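Please examine the sequence and the model shown below. The explanation that follows leads through the two chains and their contact.

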Amino acid sequence: MTIYLVIPLLAAVVLVQTTIMPHLTVWGIFANLPLLFVVSWGLLQGKKEGAVWGFVAGVAMDLFSGAPFGAATLALMAAGFLAGLGEASVIRAHFALPLAVAFWATIVYGLCFMAVVQIAGQPVIWWESLWRIVLPEAVFNAALMPLILLPMRSLYIRFRRDEMEW
Amino acid sequence: MDRERFQNLIPALLLTVALLGFILHQVGWLQPIENVLLRLSAPLQEGLSTAANRLGDLTQAARDLRNLRRRNEELEAQNARLLLENIRLKEIEHETVLLRELLNFALDNPTLEVQGARVVGRVIGREPDNLQRYITLDVGREAGIERNMPVVTERGLVGRIDAVGDRWSRVLLIIDPSSAVNALTQSTRASGLIQGLPDGSLEMRKIPQGDTVSVGDTVFTSGLGGNLPRQILIGQITGVERKDYELYQTARVRPTVDFDHLEMVLVVVGFEPIEPTAEETVPDEQ
């Protein structure tokens, strides 16, 4: 899939994330759409493309965020890369695999994000953030994963033979 | 072959770029790029935000319905109490005015501390993840907004300006874990530090053991440290945690501002925050 398609697609997803998603909360938590897109693509196309999508979505997230630049980028790259380790098997594997990957990718994302924020010198309440924010968000993201993975599979089938073009 | 090697190196290159971006952000060199991009995206954000607010209102209405009856009963009881208190406060206000005149304070406007030019900003963006609490406004340097200016609504303190562009500004909400505000309780004048918690609630920390803190008491900014005006409403105490072996008490505070449904806010531009110097020993008020 060409990078010229990836950038506007992920930029649009991040725009929706900053404007619409904070209104769609369940018990104060909202889903992380860019993370789900990155994890889905990582699962379908592998760790390299997972990391690249993580980078593009992360830069867009960081530009809209008050957090230190790099927090979302590094966290999404890590999540996309790790999700990419489950590449290919996702098509044949049990349907629970993508859900589990979304759950653990959210945990990895949260940990990386908080680590970068801490390195930047901002206070982080680790245990409470993990327990009250990251864990419920991981469950929420896992539940929504099929809704994102299905359209992403269509994209994958359309572009499966294409390497990312630079 | 070379092309394949380059493709394999891409994740490592991007990781380097991300780390470089982090360092450049820390030294403040990314600000111009952020300025341009946020300026370009602001109209789009504004449009989407308006649509989202309408959508949010619809879903919220359904959610609110079941709470309305219970809340109505509570409010009726509260209203009766407040009516009596209002009469009492009017008497006190009258007495205060007379006392001020007697003390030759007639020239001072008692509300001057929080008065000043105010800029109305529309919330056009929110933090894209659950871990931090910021909002983006559609007003910036061109409207006289500067860093550290207090942001309020009619219901109380929202936060302070954390970053400013020409036509946008970012507000660090008081419910963010990195925010700390010096505060006082209304009835007992107990002082403490209001800090955000990851779940979006507030906690009043560093309350001296000797001070009395009671559930239901309201909390205001104390003005200590000079970073925020005095007497801006923050919230109401919902619980107190006191342990004899600890130096301080802690209280849970319910914010009066509904941070989930912020649409319009006021930026107090007439107030000049004092930047504490390294030698000063004022508490960390952000």
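The paragraphs below treat the chains in turn, beginning with the conventions used.

This is a predicted model, in which local features need pLDDT of at least 70 and side-chain atom pairs count only at pLDDT 80 or more, whereas totals for chains, interfaces and linings use all residues. Residues are numbered from 1 along each chain as its sequence is written, and chains are lettered from A and ligands numbered from 1 in the order in which they are written.

Chain A contains seven helices and zero strands. Helices (H or I, at least four residues) and strands (E, at least two) are DSSP runs, numbered from the N terminus. Along the sequence, the pattern of chain A is accordingly written α-α-α-α-α-α-α. Of the 166 residues in chain A, 57% are buried. A residue is termed buried if 20 or more other C-beta atoms lie within 10 Å of its own, exposed if 12 or fewer do, and partly exposed in between, with C-beta atoms placed from the backbone. Among the contacts in chain A with a separation of 6 or more, 72% involve residues 24 or more positions apart. Two residues are in contact if their C-beta atoms, placed from the backbone, lie within 7 Å.

The packing of helices in chain A can be followed through helix H4. The axes of helix H3 (residues 47–64) of chain A and helix H4 (residues 71–84) of chain A come within 7 Å and cross at roughly 160 degrees. H3(A) is therefore roughly antiparallel to H4(A). Axes are lines fitted to C-alpha atoms, for helices over the stretch in contact, and angles run from 0 to 180 degrees between N-to-C directions. Angles under 35 degrees count as roughly parallel, over 145 as roughly antiparallel, 65 to 115 as roughly perpendicular and the rest as oblique. H3(A) and H4(A) cross in the right-handed sense. A crossing is right-handed if the near helix is turned clockwise from the far one by less than a right angle, and left-handed if anticlockwise. The contact of H3(A) with H4(A) involves 14 nonpolar, six polar and four charged residues. In this classification Ala, Val, Leu, Ile, Met, Phe, Trp, Tyr, Cys and Pro are nonpolar, Asp, Glu, Lys and Arg are charged, and the others, Gly among them, are polar.

Helix H2 (residues 33–45) of chain A also packs on H4(A), at an angle of about 30 degrees and with the axes 7 Å apart. H2(A) and H4(A) are therefore roughly parallel to each other, and their crossing is right-handed. Residues making this contact include Pro34(A), Leu35(A) and Val38(A) of H2(A) and Leu76(A), Ala79(A) and Phe81(A) of H4(A). By class, the contact of H2(A) with H4(A) has nine nonpolar, three polar and no charged residues.

Val108(A) counts as buried because it has 21 C-beta neighbours inside 10 Å. Apart from its neighbours within four places in sequence, Val108(A) is in contact with Ala78(A), Ala79(A) and Leu82(A).

Chain B has two helices and twelve strands. From the N terminus on, its elements run α-α-β-β-β-β-β-β-β-β-β-β-β-β. Buried residues account for 31% of the 286 residues in chain B.

Strand S5 (169–173) of chain B has five of its five residues buried. One side of S5(B) carries Ser169(B), Val171(B) and Leu173(B), and the other carries Arg170(B) and Leu172(B). Strand S2 (residues 134–137) of chain B runs antiparallel to S5(B) and is joined to it by four bridges; strands pair if DSSP finds at least two bridges between them. Within this pairing, Leu137(B) has Ser169(B) as its bridge partner. S4(B) and S5(B) pair in the antiparallel sense over five bridges, with Ala163(B) opposite Arg170(B). Four residues separate S4(B) and S5(B) in a hairpin.

Further along chain B, six strands close into a barrel in the order S6-S7-S8-S11-S10-S9, with antiparallel pairing. The twist averages 40 degrees from one strand to the next.

Finally, the contact between the chains takes 42 residues from chain B and 47 residues from chain A. The largest share of the chain B side, eleven residues, comes from H1(B). The chain B side divides into 21 nonpolar, 13 polar and eight charged residues.
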